[in-house]
Amino acid sequence: MTSSAARVALDLTADLPVGSLEDFYRDLHRHPELSLREHRTAAKLAGRLRAAGYETAEGVGGTGVVGVLRNGDGPVVLLRGDMDALPVTEETGLPYASETPGVMHACGHDLHVTWLTGAAEALAAGREAWSGTLVVVGQPAEETGEGAALMVADGLYRRFPRPHVLLAQHAAPGPTGMYAHTPGLILSAATDVDIVVHGRGGHGSRPESTVDPVVTAAYLVTRLQTVVSREVAPRDPAVLTVGRIEGGTRHNIIPSEARISLNLRTQSHDVRERMIAAIRRIAAGECAAAGCPREPEVTVGNSFPVTVNDSETDRMISAVHAQVFGAATILDPGPAMGSEDFPRLAEGGLPYSYWFVTSTSPEQWAAAPGNDLMEKFAAVPSNHSPHFAPDTVTLVPGIRAMVSGALACLAR
Ligand code: ZN
Ligand code: ZN
């Protein structure tokens with residue numbers, strides 16, 4: 001049985017301007033912009049929303065874009081796409097590779113903006129088929145975890161209609177044309193922590209007159225590995241990764257400090273608090289053991305919340321996707337250790353659905369070593385890789401996924 005939302009979605013997306021959307025996507029890919037500097041991207045998105053008949057505002061929460069289409073009685077549905085790129089040097093060799101040195105759309109947010117644009121245009125063109133209000137959000141600074149909170153703080157829901165439901169989708173590795181839905185916890189929380197170890201500097205030939213912070217930092221990195229393995233229950237997913245260790249300037253100088261930057265992934269508040277307490281305790285203990293002249297500084301930095309889909313909403317969207325794309329294209333991967341700041345747009349407990357659209361090019365998928373899905377999945381370039389290159393064949397399906405999801409929530 002095909003629902004009317006699925007039927008209407010296929011209808012509204014039967015005749016998309018594919019050439020124009022591909023050009024739009026390639027242009028965004030060529031001109032990536034870092035978090036909170038998405039000026040060009042925002043202007044391109046706003047221009048198309050305005051042309052499609054949306055009341056459009058720019059500069060919301062920095063570089064955010066909001067388009068509103070009021071189309072009679074019915075629910076307010078918010079569609080979100082993030083816009084920022086990453087400090088990664090592109091190595092895809094694509095003809096439309098980044099022209100900005102050291103910056104790349106390595107997470108597919110260029111694809112998200114294109115999906116959002118195509119969906120907003122199709123829903124505006126087909127407005128006789130639904131009623132309600134659409135709020136289309138181009139969000140800045142997802143990668144730094146700042147953008148959603150900045151938009152809310154800038155009066156997103158005072159200046160524009162407050163949604164009844166929010167929808168967002170993300171490009172992911174995997175053979176094109178799969179829709180990953182998890183009706184509950186889908187992404188983990190992330191927390192950055194910085195540690196400064198204070199030693200006493202001096203000549204490399206006279207360790208007896210110093211306290212070496214490099215050796216203490218090395219012990220600390222090793223000891224921190226026991227937080228997940230020895231202090232967190234096996235049933236609680238958790239990751240602790242030390243991504244940066246820094247100290248010293250030259251072979252024969254013992255520096256006076258060393259710095260460690262680490263990142264936590266957790267799925268519950270209690271586990272997060274327990275890990276942060278363990279990090280503080282271990283840092284203080286290692287520094288005391290080494291005889292450091294001062295206690296270490298432990299600073300909790302940027303964080304991302306958990307992403308928990310409203311199960312009723314997510315099941316409804318996944319059902320419409322099954323009708324549009326076929327039941328075999330829907331999978332439930334369960335919770336991942338990745339993170340998103342999208343839930344901060346759902347302030348006050350608004351229900352939302354967030355899903356993944358697989359987008360590895362057929363060539364990359366075929367070339368990946370391995371025989372089964374999991375082996376190939378591990379081998380293809382993932383988000384944030386300099387080789388991440390979502391295929392343009394996912395443009396139309398991604399737009400269809402967004403349009404059908406919106407129609408499932410809107411009135412008819
Ligand atoms: Zn990313
Ligand atoms: Zn992303």
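Select L373 to begin: L373 is partly exposed because its relative accessible area is 46%, where partly exposed lies between buried (under 20% relative accessible area) and exposed (over 50%), with a 1.4 Å probe and protein chains only. You will find L373 in helix 11 (residues 373-379); helices (H or I, at least four residues) and strands (E, at least two) are DSSP runs, numbered from the N terminus.

Before moving on, a note on the ground rules. This is a predicted model, in which local features need pLDDT of at least 70 and side-chain atom pairs count only at pLDDT 80 or more, while totals for chains, interfaces and linings use all residues. Residues are numbered from 1 along each chain as its sequence is written, chains are lettered from A and ligands numbered from 1 in the order in which they are written, and side-chain values use heavy atoms, with hydrogens and water left out.

**Next stop: the metal site**

Select the zinc ion (ligand 2) and show its surroundings. Which residues coordinate the zinc ion (ligand 2)? They are C107 through SG, H109 through NE2 and H170 through NE2, at 2.1 to 2.4 Å. Donors here are N, O and S atoms within 2.8 Å of the metal (3.2 Å for Na, K and Ca); water is not among the atoms, so sites may look incomplete. Along the chain, the donors are spaced as C-x1-H-x60-H.

C107 bridges the zinc ion (ligand 2) and the zinc ion (ligand 1), and the two ions lie 3.1 Å apart.

**Then: V60**

Select V60 in strand 1 (residues 55-60). Is V60 buried or exposed? V60 is buried, because its relative accessible area is 0%. Leaving aside neighbours within four places in sequence, V60 is in contact (heavy atoms within 4.5 Å) with V66, M151, D154, R159 and F160.

**Last: zoom out**

Show the whole protein, with its 12 helices and 16 strands. Its C-alpha trace spans about 80 × 45 × 45 Å along the principal axes. Buried residues make up 53% of the 412 residues.
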